[in-house]
Amino acid sequence: MYQNDRKIRLTLYIPVLFSLSLLIISRELFISFKDDFQTYYENYLNIINGNGFDRFGLEYGFLLLNYLLGFLLGNIPPRLLLFIYVVFQLILLFIFFEIAISKYKILKAPNVFVATVLITLPLLSFSVVIRQNIALIILAMA
């Protein structure tokens, strides 16, 4: 039974990943001056133009992610960058699910566990507080 649950879950991760990502990035971008994504996108533009490494202080992970994206993809539109950030967060979340299921031996209804977490996610936070979400998921995995 556990193997069937795992196969179903792993098969559904990809359509869930894309559907949630598209839903999350469908919000209006740059709606206010305080929008966190505006800061993230400006940082991305600064990094691909050769400056901007001091924007977030000691938070090198986000800077390295932006640098890697700029190196691999160059100057990309804001919505595509947001899509990449959201996909990255959701992949980390799916890895967290698999770690939690195996570590805590959630053998009875692991798919219900995953579905319950997914339907209660604050979806807007995946496009607004990106650095904090990534950090929180990594801490939860640890």
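Trainee: What makes H2 roughly perpendicular to H4?

Mentor: Helix H2 (residues 36–48) packs on H4 at an angle of about 105°, with the axes 11 Å apart. Roughly perpendicular covers 65 to 115 degrees, while angles under 35 count as roughly parallel, over 145 as roughly antiparallel and the rest as oblique, so H2 is roughly perpendicular to H4. The axes are lines fitted to C-alpha atoms over the stretch in contact, and angles run from 0 to 180 degrees between N-to-C directions. Do keep in mind that this is a predicted model, where local features need pLDDT of at least 70, side-chain atom pairs count only at pLDDT 80 or more, and totals for chains, interfaces and linings use all residues. Residues are numbered from 1 along each chain, and side-chain values use heavy atoms, leaving out hydrogens and water.

Trainee: Which residues in H2 and H4 meet?

Mentor: Phe37, Tyr40, Tyr41 and Tyr44 of H2 meet Pro78, Leu81, Leu82 and Tyr85 of H4, where contact means heavy atoms within 4.5 Å. These residues divide into 8 nonpolar, no polar and no charged; Ala, Val, Leu, Ile, Met, Phe, Trp, Tyr, Cys and Pro count as nonpolar, Asp, Glu, Lys and Arg as charged, and the others, Gly among them, as polar.

Trainee: And how do H4 and H5 cross?

Mentor: The axes of H4 (residues 78–103) and H5 (residues 110–119) come within 11 Å and cross at roughly 145°. The contact is made by Leu93, Phe94, Phe97, Ala100 and Ile101 of H4 with Pro110, Phe113, Val114, Val117 and Leu118 of H5. This contact has 10 nonpolar residues, no polar and no charged.

Trainee: How do you know that the buried residues of H5 are on the same side?

Mentor: Pro110, Val114 and Leu118 are the buried residues of H5; buried means under 20% relative accessible area, exposed over 50%, and partly exposed in between, with a 1.4 Å probe and protein chains only. They cover an arc of only 70° around the axis, which puts them on the same side of H5. The arc is taken from the directions between the helix axis and the C-beta atoms. Val112 and Ile119 are exposed on the other side of H5.

Trainee: Why is Lys105 called exposed?

Mentor: Its relative accessibility is 59%, so Lys105 counts as exposed. Lys105 is in the loop between H4 and H5, and has a positive phi of about 50° although it is not a glycine.

Trainee: Why does Ala109 count as partly exposed?

Mentor: Ala109 has 41% relative accessibility, so it counts as partly exposed. Ala109 also lies in the loop between H4 and H5, with a positive phi near 60°.

Definitions and conventions: Helix = DSSP H or I, 4+ residues; strand = E, 2+ residues; numbered from the N terminus.
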